[in-house]
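Dear colleague,

I am passing on the structure below, together with an account of what turned up when I went through it. Please read the notes with the structure open beside them.

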Amino acid sequence: MEGQPHPYAPTDLELPGYVPNFLTQFTIVSVYGLSSLLVVSLIWILSGRSRKLAKIDRLLMCWWAFTGLTHLILEGYFAFSPEFYKDKTAHYLAEVWKEYSKGDSRYAARDAATVTVEGLTAVLEGPASLLAVYAIASGKSYSYILQFSVSLGQLYGTAVYFLTAYLEGDHFAASSYHYYVYYIGANASWVLIPSLVAIRCWNKICSAVQVQGQKKTKSH
């Protein structure tokens, strides 16, 4: 199968040694979906054992566990596997990126901006997201500033990801289907949820600072 024509856009993109997917789209998406559901369910059940945690905190723990593992495992693999499109072993992570590249061929082409964003996300935001799970569960004082910082990082990375594609002509999807399902749909969560988390954390931090200021005023 080596050297077969690739399904990516633009069609003149050179990918010597390309090997087509072994797994179907259904299998790839199902494994990711079920794995994510397992992680979220496990965190939800375990967090339910603590009476101190509100439902919003438990939901946030689920989000941070999901996004942290996605950053570390999926994006980490991409960042450090430059020739995933040549994989002949049906390695699941290689299959994921071969499939996703139909929505954004910059991944298969190893676009510098994309590799940089994904690499930093995996190395920095992945561990920080998992730390946020621990911080929420333990009621650490740095929980809100940590969540706020990581959310801003996610929003910044997503903005760079979309803007660079736009500035380069936004012609990296194999079809309208792949454009809206993979490029837009798969990344929508990292726009909406970090925005909501950042706003919540901003309000919490501002309230805490205001209360602290009022205490200082009363003490004088």
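**Around Leu23**

Leaving aside the neighbours within four places in sequence, Leu23 is in contact with Ile28, Tyr92 and Glu95. Please keep in mind throughout that this is a predicted model. Leu23 sits in the segment before α1, and with a relative accessible area of 27% this leucine is partly exposed, since the value falls between the 20% limit for buried and the 50% limit for exposed. The C-alpha atoms of Leu23 and Glu95 are separated by 6.8 Å, although the two residues are 72 residues apart along the chain.

**The chain as a whole**

The protein chain has 6 helices and 0 strands, and from the N terminus on its elements run α-α-α-α-α-α. Along the principal axes, the C-alpha trace spans about 75 × 40 × 30 Å. Of the 220 residues in the protein chain, 42% are buried, and the chain exposes about 12,200 Å², of which carbon and sulfur atoms supply 67%. When contacts between residues at least 6 apart in sequence are considered, 69% of them join residues at least 24 apart. As for charge, there are 17 positive and 15 negative side chains, and the centres of the two sets lie 24 Å apart.

**Annotated spans**

According to the unreviewed UniProt entry, the annotation "transmembrane region" covers residues 22–47, 59–80, 119–137, 144–167 and 179–199. For residues 22–47, the model gives 88% helix and 0% strand, with the end C-alpha atoms 38 Å apart. For residues 179–199, the chain is 100% helix and 0% strand, and the end C-alpha atoms are 29 Å apart.

**Aromatic side chains**

A search of the whole structure finds 21 aromatic pairs. In one of these, the ring centres of Tyr8 and Tyr18 are 5.7 Å apart and the ring planes stand at 75°, so the pair is classed as edge-to-face, given that planes over 60 degrees apart count as such. Tyr8 and Tyr18 both belong to the segment before α1, which runs over residues 25–47, and they are 10 residues apart. Tyr8 is buried, with a relative accessible area of 3%, and Tyr18 is likewise buried, with a relative accessible area of 3%.

The rings of Trp63 and Trp190 also have their centres 5.7 Å apart, but here the planes are at 50°, so the pair is tilted. Because Trp63 lies in helix α2 (residues 55–79) and Trp190 in helix α6 (residues 176–219), the pair ties together parts that are 127 residues apart in sequence. Trp63 counts as buried at 8% relative accessibility, and Trp190 is buried too, with a relative accessible area of 13%.

Finally, one aromatic cluster is formed by Phe78, Phe84, Tyr85, Trp97, Tyr100, Tyr107, Tyr161, Phe162, Tyr179, Tyr180, Tyr182 and Tyr183.

With kind regards

Note on methods
Residues numbered from 1 in each chain as written. Predicted model: local features only at pLDDT ≥ 70, side-chain atom pairs only at ≥ 80, totals over all residues. Heavy atoms only, no water. UniProt positions renumbered as here; feature names shortened; annotations may be inferred. Helix = DSSP H or I, 4+ residues; strand = E, 2+ residues; numbered from the N terminus. Buried < 20%, exposed > 50% of the residue type's maximum accessible area, 1.4 Å probe, protein only. Contact = heavy atoms within 4.5 Å. Areas by Shrake-Rupley, 256 points an atom, 1.4 Å probe, with all protein chains shown as cover. Lys, Arg positive; Asp, Glu negative; His and termini not counted. Charge placed at Lys NZ, Arg CZ, Asp CG, Glu CD. Phe/Tyr/Trp six-rings, centres within 6.5 Å; stacked < 30°, edge-to-face > 60°.
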